Amino acid sequence: MKIHEYQAKELYRKYGVPAPEGSVAFTPDEARAVAEKLGGYPVVVKAQIHAGGRGKGGGVKLAKSLEEVGTLAGEIIGMNLVTHQTGPQGQTVRKVLVEQGLNIAKELYLSILPDRATATNVIMASEAGGMDIEAVAADTPEKIIKVHVDPLLGIQGYHCRQVAFGLNIPVAAMKEFTKLLANLYKLFVQTDCSLVEINPLVLTADDRVIALDAKVDIDSNALYRHKEILEYRDTDEEDPLEVEASEYNLNYINLGGGGKCRRRDGGERVPHHPQRPQRQRHPDQHFRRHPALRRAGPGRGGSGQESGSESTRGGAHGRHQRGSGPAHPGRIGPEPDHRQEPEGRGPENSGDRRIVSPFCFLALMGEREQKYN
């Protein structure tokens with residue numbers, strides 16, 4: 001579950017991660033009231049949506065006066081903000097965060113997320129803060145620092161120092177950064193996060209370390225343990241189909257596009273690759289795996305066709321080898337079934353005359369076992 005930046009900063013302050021002072025506003029008048037409480041300028045007016053790249057899309061503005069705060073808030077609230085994460089349709093802005101401006105000396109990147117490949121929690125950091133970390137990873141991967149933390153042991157002092165040295169943190173800010181990182185890891189673990197991210201994490205001119213931005217994703221499977229965090233959910237920012245599915249405790253992800261699923265039981269099928277020859281399948285292929293399925297298959301009263309599994313093997317009851325010609329030359333239609341079923345157990349007597357899908361195999365065999373035993 002994603003939450004807004006102002007909600008994430010509330011969690012940051014609760015766990016001792018420094019963040020700028022500020023509050024959320026739903027109207028321009030509320031934005032001016034928040035700016036008056038902050039008591040100093042400049043202040044930053046930031047659109048609150050569940051997407052990154054807001055600054056590039058025009059959703060983050062710097063105001064140098066009270067009148068400008070109201071004007072910028074009026075422009076941002078209600079706008080359709082388009083970023084690289086919202087897609088071309090954009091996202092409607094319904095609220096803004098008004099917070100104090102800072103004297104920034106350096107911008108950094110810091111995040112914690114689980115690494116399933118190594119079964120550890122990985123701390124990712126970079127001196128290229130304030131940028132898209134995906135672009136940094138693609139163009140200059142050497143600028144990204146990764147420190148793996150064993151979840152059973154937890155974060156240790158040497159983990160924090162390794163990250164701090166990699167980011168070239170000044171000696172005067174080393175202690176504050178170490179405390180911030182330890183508290184951020186504590187937040188990550190205790191609230192069952194799938195991601196915590198600060199981009200940018202700023203060093204101020206007076207050697208303070210502050211989370212200028214905040215992103216927190218909570219594992220939805222653990223929300224039953226965090227009722228207070230569940231109240232942060234904003235369904236206006238979610239896909240309506242996902243919201244509806246969640247009402248029925250269903251997991252739904254709208255992938256978009258024109259993707260299709262290959263199915264065995266009908267529906268629109270994905271065409272085979274043009275360069276790959278299709279394997280010819282027998283129409284009764286699913287009924288050739290088990291004698292019980294062959295007895296209830298199409299050739300035994302289902303679809304009116306002979307099951308190919310019996311015609312391919314020699315044996316009693318008039319079965320013949322493939323290629324030896326029909327058992328009854330001149331006969332039109334499917335071969336009759338000459339096998340004799342014990343009295344009272346045949347499909348004609350039991351009413352078990354049906355087409356059986358492979359997905360019903362276990363249920364069918366359970367019914368037959370109870371019936372015949």
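## Close-up views of a predicted model

View 1. Helix H2 (residues 28-38) lies across E1, E2 and E6, at about 15° to E6. Helix H1 (residues 5-14) also lies across E1, strand E2 (43-47) and E6, and runs at about 45° to E6. Helices (H or I, at least four residues) and strands (E, at least two) are DSSP runs, numbered from the N terminus. Axes are lines fitted to C-alpha atoms, for helices over the stretch in contact, and angles run from 0 to 180 degrees between N-to-C directions.

This is a predicted model, where local features need pLDDT of at least 70 and side-chain atom pairs count only at pLDDT 80 or more, while totals for chains, interfaces and linings use all residues. Residues are numbered from 1 along each chain as its sequence is written, and side-chain values use heavy atoms, with hydrogens and water left out.

**View 2. Here is the open sheet, with 4 strands in the order E1-E6-E2-E3.** The pairing is antiparallel; two strands pair if DSSP finds at least two bridges between them. Strand E1 (22-25) and strand E3 (60-63) stand at the edges with a single partner strand each, so one side of each has no neighbour in the sheet. From one strand to the next, the twist averages 20°. Look for E1 beside strand E6 (residues 96-100): 4 bridges join these antiparallel strands. Serine 23 has valine 98 in E6 as its bridge partner.

**View 3. Threonine 120 sits in strand E8 (residues 120-126).** Is threonine 120 buried or exposed? Its relative accessibility is 14%, so threonine 120 counts as buried (buried is under 20% relative accessible area, exposed over 50%, partly exposed in between, with a 1.4 Å probe and protein chains only). Its side chain makes polar contacts with the side chains of threonine 118 (2.7 Å) and histidine 148 (3.0 Å). A polar contact is a pair of N or O atoms within 3.5 Å; within protein, one must be able to donate a hydrogen and the other to accept it, and residues adjacent in sequence count only if both atoms are side-chain atoms.

**View 4. Meet the largest nonpolar core, with 43 residues.** Such a core is a set of buried Ala, Val, Leu, Ile, Met, Phe, Trp, Tyr and Cys residues joined through side-chain atoms within 4.5 Å. Tyr12, Leu110 and Phe177 touch the most other members. Helix H6 (residues 171-190) gives the most to this core, with 9 residues.

Definitions and conventions
Contact = heavy atoms within 4.5 Å.
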